[in-house]
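My notebook is open, and I am ready to look a few things up. Here is the model I will be working from.

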Amino acid sequence: MNSIPSVDLRDFISNDPIKKKQFVDQIGRAYEDIGFVALKGHFLNEQLETDLYSEIKHFFDLPQEKKDTYEIEGIGGQRGYTSFGKEHAKGKKEGDLKEFWHFGQYVENDAKLEAEYPKNVMVSELPKFNTVGEEAYKMLEKTAKYVLRALALYLDLEETYFDAYIKNGNSILRPIHYPPITSEPKAAVRAAAHGDINLITLLMGAQGRGLQVQNNDGEWIDAIAQPDELMINVGDMLSRHTNNKLKSTIHRVINPPKELWGTSRYSIPFFMHPISDMKLNVLENCIDDNHPKQFDDITAGDYLYERLVELGLIKK
């Protein structure tokens, strides 16, 4: 496959069973083949997107010493600010050429999870920053819920199979700033080749060239969304749970051509995580004689911890 398929969520949430089944088949086949789709008909509106980009640009434009006050030690970067070059891809030593922020879950009616998750960090200089971030978080979470419902049907599970696992899940909204490049990078890129940790990722900001996906032939292809589309991909947790039936595809963000080094790039992924207690054990209906079980049993919480250590965000 040399391009990213495009699907429309409105087909799935329509009352038309034919359109709904067509959506399920389209997204399922795409995730078996390349692990990415471009999605129209999501729950973000244009004004909310505009407001979110405005707020995150204001934040990343703050003086460095001010941003540094929002970097919280001891939580593996799970909330607040993470400074430039601190995160690296699994197996890489060079830090990625980016800085980012994390909004986390807004827990409802669950004291145990409220105590388990770090608290969201409030930015006092920007009165709208946190309210806009929370609204965008909830709209992306709602979109992700319906995508996972479609995938549950594709996997011959109950449509609401994932609902209980993602309610109050450990999901993250990550606004990223790739600053202008000021000198020749030795081995670093804006985001080195990697697979995502989580169930699925919903990406805002894939409209310009930069994001690339590795297809089954090992070729890098551009993943460029239309202005009204989110780019959505399978993460390692879902790939593991489905015995690699649904593909967690390696992807990267390349550096721009030299004439564009002086420009910033912004992107905003939403990483849909389940609650930590979810068992990622391979689904029985994804195992057969031709597809033996590939992965050991593990919970989502233990798997996330392992990966944060590998990424350099938690020091053992």
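Before listing any neighbours I note the rule: contact means heavy atoms within 4.5 Å. This is a predicted model, where local features need pLDDT of at least 70 and side-chain atom pairs count only at pLDDT 80 or more, while totals for chains, interfaces and linings use all residues. Residues are numbered from 1 along each chain as its sequence is written, and side-chain values use heavy atoms, with hydrogens and water left out.

**Entry 1: Asn168**

I looked up Asn168 and found it in the loop between α7 (163-166) and β5 (172-173). For such labels, helices (H or I, at least four residues) and strands (E, at least two) are DSSP runs, numbered from the N terminus. Not counting residues up to four places away in sequence, Asn168 touches Gln105, Tyr106, Val107, Glu108, Asp110, Leu113, Tyr117 and Ile275. Is Asn168 buried or exposed? Asn168 counts as buried because its relative accessibility is 7%. My cut-offs here: buried means under 20% relative accessible area, exposed over 50%, and partly exposed in between (1.4 Å probe, protein chains only). I also checked where the side chain of Asn168 goes, and it reaches the backbone oxygen of Glu108 at 2.9 Å.

**Entry 2: two asparagines with positive phi**

Next I turned to Asn109, in the loop between β4 (99-102) and α5 (111-116). Its phi is near 55°, a positive value in a residue other than glycine. Asn109 has 84% relative accessibility, so I put it down as exposed.

Asn243 also has a positive phi without being glycine, near 60°. I located Asn243 in the loop between α8 (236-241) and β12 (251-253). With 4% relative accessibility, Asn243 counts as buried.

**Entry 3: Ile166 and Glu141**

Ile166 sits in helix α7, and at 5% relative accessibility I logged Ile166 as buried. Which residues does Ile166 touch, not counting residues up to four places away in sequence? I wrote down Gln105, Glu141, Lys145, Leu148, Leu199, Met272, His273 and Pro274. One of these, His273, is 107 residues from Ile166 in sequence, yet the two are 6.6 Å apart in space, C-alpha to C-alpha.

I followed the list to Glu141, which I found in helix α6 (residues 129-154). Glu141 counts as buried at 17% relative accessibility. Leaving aside neighbours within four places in sequence, Glu141 is in contact with Gln105, Ile166, Phe270 and Met272. Glu141 and Met272 are 131 residues apart along the chain, and 7.2 Å separates their C-alpha atoms.

**Entry 4: Thr201**

Strand β8 (residues 200-204) holds Thr201. Thr201 is at 2% relative accessibility, so I marked it buried. Which side chains does the Thr201 side chain meet in polar contacts? I found Asp196 at 2.7 Å and Asn198 at 2.9 Å. The rule for a polar contact is a pair of N or O atoms within 3.5 Å; within protein, one must be able to donate a hydrogen and the other to accept it, and residues adjacent in sequence count only if both atoms are side-chain atoms. Not counting residues up to four places away in sequence, Thr201 touches Asp196, Met231, Ile232, Asn233, Pro269, Phe270 and Phe271.

**Entry 5: Lys66**

I looked up Lys66 as well, and its place is in helix α4 (residues 64-68). Lys66 counts as partly exposed, at 34% relative accessibility. How far is Lys66 from His251? They are 185 residues apart in sequence and 32 Å apart in space, C-alpha to C-alpha.

**Entry 6: the chain as a whole**

Of its 316 residues, 54% count as buried. Along its principal axes the C-alpha trace spans about 55 × 50 × 40 Å. The radius of gyration is taken over C-alpha atoms, and the globule rule is 2.2 Å times the number of residues to the power 0.38. For 316 residues a compact globule would come out near 20 Å, so the chain's 19 Å agrees. Among contacts with a separation of 6 or more, 78% join residues 24 or more positions apart.
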